[in-house]
Amino acid sequence: MNKRTLVSIAAAALLTAPPAWAQMSDGVVRIGVLTDMSGPYSGMGGPGSVVAAQMAIDDCLAAACKGMKVELISADHQNKADIGAATARQWLEQDKVDAMVDLTNSAVSLAVQKLIKEKGGIAMYSGPATTKLTNEECAANGFHWMFDTYSQAAVGAAGLTRAGFKSWYFLTVDYAFGHSLEKDASEQVIANGGTVLGNVRHPLNNADFSSFLLQGQSSKAQVIGLANGGQDTVNAVKQAKEFGIDGKTQKLAALLVFLSDVHALGLQTAQGLSYADGFYWDADDGSRALASRFEAKVKGAKPTMVQGGVYSSTLHYLRSVAAAGTDDWKKVAETMRTLPIKDAVMNNASIRPDGRVIHDMYVYEVKAPAESKYPWDYLKKVGTVPAAEAFQPLAKSTCPLVKG
């Protein structure tokens, strides 16, 4: 083959290659998973979120992103807002990271949201729960993907109150997430004719809930509401059983539960718990196929709602980069709002002006041990809350982007 032929082949390759990839700022799309790698939220996010993000990258590279260069990095924010913000700042300023995903922990997510308003980039939150991300702290380049305290309260607290459990006492983790969940749940209780008799707050990653549970018992409330998550919820539920809080005189309501929590509790302890979830691995053929791939990489585990959200958000981001033909965050953010969200995780999903990704939510009940037929067969669906009803109405948003 002569030199002229080689030059002709090279020129033809340039003409036929996807022109969009030439518009990447440094030739690479970089995605960072910022999560809790070893703390109380590591089971629902953590290393599994890194796996979920890589699966989304692989899927896009096999389709819309074919030929694109994508790199994935990850870091542990240790549930500390200053560490999370410092890591995100380095990623944006030095490491040329284009998008961040997971961001479990509300305090960390709010620090990152403030940063991306200043520095740019894209943040997709599937782990934190605070509604501030789509209210007063909303950003044009910040997207709240999976659940929030409103969705959990609207499904959990409202449903129980309407069912006749009118008096509540809250056991709340003492930082932004817990405060937001308690506030939203309290509003739902009151709006549905109930009363809140009091609350007590505990530190994050708490081991001993005895004094807090005793206060809940002494309140005589019909429901002790757990406004916490991850290992804190697991510890509180286990110890509540030991204190005799078994639903006969007082009901325990865990407002934020993940599949990993049910697994940690075991069906004998968790049976009968009902909670809101946006994704369950055994819901349909698509979710089962995704979960099978995930389990092959994370031995002995199925993906949680958070990890499902990481997969969905990463895939949608990359598809939007491909559709926009650039990794410029402003153009990608605009494309994300218009491109349909279609994957094995989300149903009836769309992005609102406030950055809230709305989608169907589901009410699940934990099976009794005798009902479970195979590994991780933990839940049965008892209801569906349509996307338009599961999240705070846009008319009530305090997001400046909406008011504008």
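## A serine inside helix α12

Two residues are said to be in contact when heavy atoms of one lie within 4.5 Å of heavy atoms of the other. With that in mind, and remembering that the structure shown above is a predicted model, we can begin with S312, which lies in helix α12, the helix that spans residues 305–324. Leaving aside its neighbours within four places in sequence, S312 is in contact with W145, I341, D343, V345 and M346.

Is S312 buried or exposed? Because buried means under 20% relative accessible area, S312, at 0% relative accessibility, counts as buried. One of its contact partners, W145, is also joined to S312 through the side chains, by a polar contact of 3.0 Å.

The surroundings of L318 can be described in detail: if its neighbours within four places in sequence are set aside, L318 is in contact with V29, I31, A56, I57, C60, C65, M68 and V70.

Which residues of strand β4 lie on each of its faces? Strand β4, made of residues 122–125, has I122 and M124 on one side and A123 and Y125 on the other, and since all of these are buried, both of its faces are covered.

Strand β4 is paired with two strands. Strand β3 (residues 99–102) runs parallel to β4 and is joined to it by four bridges, with A99 standing opposite I122. Strand β5 (residues 142–144) also runs parallel to β4, and here there are three bridges, with M124 standing opposite F143. Together with helix α4, which covers residues 106–119, strands β3 and β4 make a right-handed β-α-β unit.

## A glycine in strand β8

G225 has its place in strand β8, which covers residues 223–227, and it is buried because its relative accessible area is 0%. K248 is 23 residues from G225 along the chain, and the C-alpha atoms of the two are separated by 15 Å.

Definitions and conventions. Residues numbered from 1 in each chain as written. Predicted model: local features only at pLDDT ≥ 70, side-chain atom pairs only at ≥ 80, totals over all residues. Heavy atoms only, no water. Buried < 20%, exposed > 50% of the residue type's maximum accessible area, 1.4 Å probe, protein only. Pairing = 2+ DSSP bridges. Right-handed = clockwise from strand over helix to strand, strands pointing away. Polar contact = N/O pair within 3.5 Å; in protein donor to acceptor, adjacent residues only side chain to side chain.
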